[in-house]
Amino acid sequence: VTVLNATGMFVMPGGIDPHTHLDMPFMGSVTADDFFSGQAAALAGGTTMHIDFALPVNHDIMAGYELWKEKASRSCMDYGFHMAITRWDEQVSRDMEALVHEGINSFKFFMAYKNVLQVTDSELVAGLQRCRELGALPMVHAENGDMIAWLQSRLLSEGIRGPEGHAMSRPAALEGEATGRAVRLAGVVGVPLYVVHVMSIDAMEEIARARRAGQRVVGEPVSSGLALDESPMWDTNFTRAAAFVMSPPIRSAEHGPALKKALASGVLQLVATDHAVFNSTQKAAGRNDFTRIPNGVNGIEERMHVTWQEMVVSGLSTPSDFVRMTSTAAAQIYNLYPRKGRVAAGSDADVILLDPRITHTLGVGSHHSRMDTNVYEGKQIQGKVVTTISRGRLVWHNGQLLGVRPGTGRFVPMPPFGPLFEVREAQHLYRRV
Ligand code: URP
Ligand code: ZN
Ligand code: ZN
């Protein structure tokens with residue numbers, strides 16, 4: 001038995017990051033963190049489970065699942081999968097059921113990334129309907145991909161080629177439009193909806209409106225959207241500017257504070273990262289054309305600290321709220337509660353100790369990711385995760401990763417028909433919207 005002295009510290013459930021991309025091929029590169037390096041970083045930051053987005057292989061979701069299982073064999077902590085749907089046909093519809101039996105209870109539809117991942121509205125509606133039948137949660141990347149493609153070519157033809165073009169080509173209005181569209185389509189179909197990486201007031205207001213009307217919509221902000229603003233994308237240093245390129249983009253300075261208030265008041269429910277990292281050599285593919293900069297920023301290690309700083313230290317939320325938005329809400333939404341998301345007898349022993357007296361600084365010098373940049377470089381945090389326990393094993397203690405090896409992590413199946421599906425009575429409310 002190891003006895004830990006937690007005097008003066010917060011003892012909390014390990015974090016659950018519901019949105020990551022490890023070992024993901026995207027925009028001509030593969031993310032720099034694989035399942036081992038990304039998860040080791042997560043453990044050092046107090047996260048003990050994540051849900052990664054498996055991508056289909058040539059639109060084949062079973063092949064994508066097999067590939068992601070192989071990638072995840074390097075794991076050193078608990079993980080689950082969402083599956084992306086990038087085309088609609090009978091085979092995909094059948095395979096979705098097979099994947100639900102395997103323990104995948106959520107499917108992501110991209111409304112952007114035209115000619116790559118984007119689905120049409122009719123494909124999205126077919127997918128929403130199938131999710132409803134299967135008790136699986138549909139998720140949307142909500143941006144209007146057609147309009148973005150139009151703006152991208154207009155900006156390029158005007159000679160705007162730098163990373164600032166990324167922000168200019170993806171205005172918040174296009175995120176708001178797509179969010180409103182997805183919310184309405186889900187309302188008509190009668191299925192709950194999960195909106196990933198809510199980055200703007202525009203999208204958040206659509207979610208607030210639907211929730212006020214009684215519709216079951218979950219809004220997921222990410223740590224970068226809460227804590228950062230778009231200004232670095234105008235930095236004349238390409239490497240720094242490109243490091244901030246993700247989609248939907250990190251927004252102008254008024255959006256982060258509004259998202260934080262929405263999170264504090266329950267309009268938005270949980271914090272993810274969208275950890276999808278490309279190093280400066282990979283990002284350099286878009287040196288002369290912003291549309292070729294691989295999209296994504298870091299966060300899997302920083303999310304707990306950034307959320308603590310932005311929500312609790314700032315005075316917006318309580319430590320109990322922090323537990324909900326970093327762990328419990330994810331466990332409930334993905335039907336893992338009470339196994340995950342709480343500290344109690346019978347639950348998995350995923351526990352962290354956070355010492356609120358320690359001040360530290362985020363950045364490349366101290367992070368565990370393979371990345372050579374960090375969008376939180378120099379950010380001061382009041383409070384530090386000093387200990388992480390994963391399923392009862394001490395894996396991070398006083399600045400050291402302990403016994404963390406590839407192949408020791410486990411897949412956590414997530415059953416369908418989670419709490420968002422429970423109240424049949426709510427169905428009629430969807431149709432009112
Ligand atoms: O920029 C991002 N978000 N990259 C990862 C893919 C996605 O859209 O989630
Ligand atoms: Zn996305
Ligand atoms: Zn993502």
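These legends describe close-up views of the ligand and zinc sites in a predicted model. Local features need pLDDT of at least 70 and side-chain atom pairs pLDDT 80 or more, while totals for chains, interfaces and linings use all residues. Residues are numbered from 1 along each chain as its sequence is written, chains are lettered from A and ligands numbered from 1 in the order written, and side-chain values use heavy atoms, without hydrogens or water.

**View 1. The shell around ligand 1.** Ligand 1 is surrounded by 13 residues (a heavy atom within 4 Å). The closest are His21, Tyr113, His141, Ser247 and Asp274. Four shell residues are nonpolar, seven polar and two charged (nonpolar: Ala, Val, Leu, Ile, Met, Phe, Trp, Tyr, Cys and Pro; charged: Asp, Glu, Lys and Arg; polar: the others, Gly among them).

**View 2. Polar contacts of ligand 1** (N or O pairs within 3.5 Å). A nitrogen atom of ligand 1 lies 2.8 Å from a polar backbone atom of Ser247. Oxygen atoms of the ligand take part too: one is 3.1 Å from a side-chain N or O atom of Lys108, and one is 3.4 Å from a polar backbone atom of Gly296. The protein covers 99% of the 260 Å² of accessible area that ligand 1 has on its own (Shrake-Rupley method, 1.4 Å probe).

**View 3. The zinc ion (ligand 3).** Its protein donors are His19 (NE2), His21 (NE2) and Asp274 (OD), at 2.0 to 2.1 Å (donors: N, O and S atoms within 2.8 Å of the metal, or 3.2 Å for Na, K and Ca). Their sequence spacing is H-x1-H-x252-D. The arrangement is irregular because the four donor atoms subtend angles of 88 to 140° (tetrahedral would need all angles between 85 and 135 degrees).

**View 4. The zinc ion (ligand 2).** Lys108 (NZ), His141 (ND1) and His197 (NE2) are its protein donors, at 2.1 to 2.5 Å. They are spaced K-x32-H-x55-H in sequence. The zinc ion (ligand 3) lies 3.8 Å away.

Terms used
A polar contact is a pair of N or O atoms within 3.5 Å; within protein, one must be able to donate a hydrogen and the other to accept it, and residues adjacent in sequence count only if both atoms are side-chain atoms. Four donors count as tetrahedral if all angles lie between 85 and 135 degrees; four count as square planar and six as octahedral if opposite donors are over 155 degrees apart and all others between 65 and 115; anything else is irregular.
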